[in-house]
Amino acid sequence: MATRHVPLAETHAVFNQAPPLEGTNLYLVDRPLQAWIRRYRGDWATSRLEAYGALAGGPLMEAGFLANEHKPVLRTHDRYGHRIDQVDFHPAYHQLMVTAVEHGIPSLPWTEPRAGAHVARAGLMYLHNQAEAGTSCPLTMTFASVPALRQQPEIADVWLPKLLHGAYDPRNLPLAQKTGVTIGMAMTEKQGGTDVRANTTQAHPVGQPGPGQAYELIGHKWFCSAPMCDAFLTLAYTEKGLSCFLLPRHQPDGERNAFYIQRLKHKLGNWANASSEVEYRGALAWMVGEEGRGVPTILSMVSMTRFDCMIGSSSLMRQALTQALHHCQHRQVGGRALIDQPLMQNVLADLALESEAALALTLRMGHALDESASEHEAIFARLVTAVGKYWICKRAPAMVNEAQECLGGAGYVEETILPRLYREAPVNSIWEGSGNVQCLDVLRALSKEAGALEVLFAELGDGQGEARLGAHITRLKAAFADTTDIQYRARQLTEDIALALQAKLLLEAGNAAVSDAFIASRLNGQGRTYGTLPRGLEVTAILARSLPA
């Protein structure tokens, strides 16, 4: 009788796969981040950044997956029928929040106002956001609320000690019983969106009207992110116009405020963060800043949240690049690693340029905030917040998608972080004013901020003697000299400012391979997709700089 051969149950061996990246220190593998932190005087925080890099690439990365897998859940009532308006989060969400708060992400520049503090804090947020972007929303709003609250000292004296305490306390309790607090923001209404002047929420004084006084608010807010924050900066109309208020979740006597969560938003991404629709039904709130000047008051918060949009998009790009580079270092095709193949080198080097240019402009903005006592830097920050928020956030979705493509089908599968990065990428271009809002704000800054155009061109100079950049700056000056249809051209003008600034910053930093490739590929209108770098560039040097060593 012939011997029968039973096939083995195992059909194949697993090989030609990249090893896991888990446990990677995201700071130590990021040479561009280290270089730009040093350049803008944030390197006194190197030990903090190294420590956070280990957390972000290790336990926080794992927590990020869990917090997105287990989305927040709204409970409007308790088991007995009492209204509670409680959002429950997975423990991983709280792990991310407590780590970030204890490491100073929402407080560092305010508690340690020294040279490079905004830059160092941006570095910490850059690392945190790579692990999980949804928690960055309440962290950002808490950080950004400080300048607005300081406009009303008697309110700041009550809230800032616990905001800056460095403790995360998620309990739904009145301020007096909390060890630490977080602050949110609610401006958008259904009928107006970005046009907050179309708001209908009304504020009625409880007693004496005016700054620092109590009001009752009646109205509806279409978007309120992180509704479990302890208080919210919000806008409402008084007799003198749109005004800014701080609305806590609890009244001074400890009773819950008339703040009602109607529903949580079902979003494309940003899953770990609860975004909601809320109503004020006679909710107590206290006026912050001058009555009728609510928009300028809250803009001091908005400018900081827009800066964090720059950080957020830059960090998503960096994590996508890290994943793509790591995969291509180890994946073999045709007997060679992907990273050694010319066309893939073109793509990866192009992505590395995009990532570093975004980081450079972001940390230059951080430096401007650190040096805001200088008139030049204050005007620069006012203008470039809008420029950077538009350009960096606009570039992120396509860049992340290209990184996904480097992994092929694996980059589309939820076991990797890339699908989450791709879902997160559009949020920063929409939140805090979408693209057109930013570009019109650029024009507004240039027309209303005395000396803004002069500051811009003083910053750009002659292009560091680089002929291609010099020619770009000359064309930019001519474009601004012609005011015909300037709103129609606002996106092109904003893009040209962003590219000029990025090119100038990369040139100044002295890495010729990076700056030459950026200028050759960005200032001549050659490529329409990533991976179209011209010939003759030092692609291997660009890749070596960004590889996750």
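Analyst: The second largest pocket has a volume of about 600 Å³. A pocket here is an open set of points on a 1 Å grid over the protein atoms alone, with protein on both sides within 12 Å along at least five of seven lines, whereas a cavity is a set of points where a 1.4 Å probe fits but cannot get out; lining residues have an atom within 4 Å of a point. A volume is the space filled by probe spheres set on the points, and grid points are joined across faces, edges and corners. The model is a predicted one, in which local features need pLDDT of at least 70 and side-chain atom pairs count only at pLDDT 80 or more, while totals for chains, interfaces and linings use all residues. Residues are numbered from 1 along each chain as its sequence is written, and side-chain values use heavy atoms, with hydrogens and water left out.

The lining of the second largest pocket consists of 24 residues, and those nearest its centre are Pro20, Leu21, Glu22, Gln323 and Thr416. Helix H3 (59-69) and helix H9 (294-330) each contribute at least two residues to this lining, and H9 gives the most, with five residues. Helices (H or I, at least four residues) and strands (E, at least two) are DSSP runs, numbered from the N terminus.

The lining of the largest cavity divides into four nonpolar, two polar and two charged residues.

For the setting of these spaces, the protein as a whole has 19 helices and eleven strands. Its radius of gyration is 25 Å, close to the 24 Å that the globule rule gives for 549 residues, so the protein is as compact as a globular protein of that length; the radius is taken over C-alpha atoms, and the rule is 2.2 Å times the number of residues to the power 0.38. Along its principal axes, the C-alpha trace spans about 90 × 85 × 40 Å. Of the 549 residues, 59% count as buried, where buried means under 20% relative accessible area, exposed over 50% and partly exposed in between (1.4 Å probe, protein chains only).

A search of the whole structure finds eight aromatic pairs, a pair being rings of Phe, Tyr and Trp (its six-membered ring) whose centres lie within 6.5 Å, with planes under 30 degrees apart counted as stacked, over 60 as edge-to-face and the rest as tilted. Among them, Tyr215 and Phe245 are edge-to-face, at 5.1 Å centre to centre and with 65° between the planes. This pair links distant parts of the chain, since Tyr215 belongs to strand E5 (residues 214-225) and Phe245 to strand E7 (residues 241-248), 30 residues apart. Tyr215 counts as buried, at 1% relative accessibility, and Phe245 is buried as well, at 0%. Trp222 is partly exposed, with a relative accessible area of 26%, and Phe223 counts as partly exposed at 37%.

Finally, some loop residues deserve a look. Glu432 has a positive phi of about 60° although it is not a glycine; Glu432 lies in the loop between helix H13 (427-430) and helix H14 (435-448), and counts as buried at 9% relative accessibility. Gln464 likewise has a positive phi of about 60° without being a glycine, and its place is in the loop between helix H15 (452-460) and helix H16 (467-481), where it counts as partly exposed at 43%.

How values were computed:
Ala, Val, Leu, Ile, Met, Phe, Trp, Tyr, Cys and Pro count as nonpolar, Asp, Glu, Lys and Arg as charged, and the others, Gly among them, as polar.
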